[in-house]
Amino acid sequence: MPATISAAADIPRRGRRQRRRGFYAHQMSSAAPPPGVAIADARLEEVSDRIFAYVQPDGSWWINNTGFLAGRRGVVSVDACSTERRTRAYLDAIASVTSQPVRTLINTHHHGDHTFGNCLFAGATIVAHERCREEMLDFGPPGRFPFWTEVDWGAVELEPPFLTYESAVRVYVDDLACEVRHVGTPAHTTNDSVVWIPDRSLLFSGDLLFRGGTPFLLMGSVAGAIGVLEELKRLPATTIVPGHGAVSGPGLIDDVLGYLLFVTGAAAAAKAAGLSPLDAARELDLGPYADLLDPERIVGNLHRAYAEIDGAAPGARIDVAAALTDMVAYNGGRPLSCYA
Ligand SMILES: [Zn+2]
């Protein structure tokens, strides 16, 4: 997902060099990925007639979910994957159920785990919110991101959406209407959209929802996300494909809301006590959220919540590199695990 190259470049030279050393040391000593995160572990689930979720375990950093609708004359895909290998495996999964080409690719938001593979959807119209395009161009192509363990991205290049909307657009798969809606406020990022298929009571939520992983608001808004999830609860969704983690029912919304309210309360108390976001996170008992993947996201979430207590508008630019540096510190000085 996160971290901009330009943000990394802003870090003082000494800090950067120190972290690089830690980065290489980790590379040399790092063990194999844990079981259950290989590309072969990804599974295709038909969540409604001719609508599929492609779920990639374990849903940790840069390992996202996608999905697609297989129409008679073409496929609509919701998101790409992060690396060339993962995106090609996803395209193979699509080809296993239909010989039709992907004609439309929707990006739920700009994060690279959902968009770096865009370039491999040859001939597809790539659709997203206007701000998604802007943020992708601002972020740039995949490269070496010092906050994460090294990733082999493969042959991927930046391919931003080139058909954009401001609030919503409707895509038809044969006669089935799919509502692609910007959520109206920064939440997970500045440019989140959901894909709502009313006739099937089916929601592709993008990264507004994680299952089994820690929600991440550093680049969006904690308060905004709470409002958006309250709105999503009004949809009569029976099936939800989250941005990461297993396919779920509507109860997932309350699970994530619970975490966001926990962050809000923790931020208010710790800020009043004069703690930095990093110290606040270190003292915080994550309680029921301790077993979620990537728990260090609490630090970034507190950075965002602190900014909002100080009056920052939802999605306002804050020092993302400083927050990611704190997340690495919380993680014992090790780069964040990426098995993409
Ligand atoms: Zn994301």
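# Sheets, helices and a zinc site

Modeller: Six bridges join β8 to strand β9 (residues 176-182), and these strands run antiparallel. This is a predicted model: local features need pLDDT of at least 70, side-chain atom pairs count only at pLDDT 80 or more, and totals for chains, interfaces and linings use all residues. Residues are numbered from 1 along each chain as its sequence is written, and side-chain values use heavy atoms, leaving out hydrogens and water.

Biologist: Which strands form the open sheet with β8?

Modeller: Five strands line up as β8-β9-β10-β11-β12, with mixed pairing. β8 (168-173) and β12 (239-244) are the edge strands, as each pairs on one side only. From one strand to the next, the twist averages 25°. Helix α7 (residues 251-272) packs on this sheet and touches β11 and β12. Touching, or contact, means heavy atoms within 4.5 Å. The direction of α7 makes about 15° with that of β11. Axes are lines fitted to C-alpha atoms, for helices over the stretch in contact, and angles run from 0 to 180 degrees between N-to-C directions.

Biologist: Why are β1 and β7 said to stand at the edges?

Modeller: They belong to an open sheet of seven strands, in the order β1-β2-β3-β4-β5-β6-β7. β1 and β7 (163-165) each have a single partner strand, so one side of each has no neighbour in the sheet. The average twist here is 20° from one strand to the next.

Biologist: How do you know that α7 and α9 cross in a right-handed way?

Modeller: A crossing is right-handed if the near helix is turned clockwise from the far one by less than a right angle, and left-handed if anticlockwise. α7 passes α9 in a right-handed crossing. Helix α9 (residues 297-309) packs against α7 at an angle of about 65°, with the axes 9 Å apart. Among the residues in contact are Tyr259 and Val263 of α7, and Ile298 and Leu302 of α9.

Biologist: What makes the four residues His109, His111, His188 and Asp207 donors to the zinc ion?

Modeller: Donors are N, O and S atoms within 2.8 Å of the metal (3.2 Å for Na, K and Ca); water is not among the atoms, so sites may look incomplete. His109 (NE2), His111 (ND1), His188 (NE2) and Asp207 (OD) lie at 2.1 to 2.2 Å, so they qualify. His109, in the loop between β5 (102-106) and α4 (112-115), is 98 residues from Asp207 in strand β11 (residues 202-210).

Biologist: Why is the site of the zinc ion called irregular?

Modeller: Four donors are tetrahedral if all angles lie between 85 and 135 degrees; four are square planar and six octahedral if opposite donors are over 155 degrees apart and all others between 65 and 115; anything else is irregular. The angles here run from 85 to 171°.

Biologist: Why is His109 called buried?

Modeller: Buried means under 20% relative accessible area, exposed over 50%, and partly exposed in between (1.4 Å probe, protein chains only). His109 has 0%, so it is buried. Asp207, at 2%, is buried as well.

How values were computed
Helix = DSSP H or I, 4+ residues; strand = E, 2+ residues; numbered from the N terminus. Pairing = 2+ DSSP bridges.
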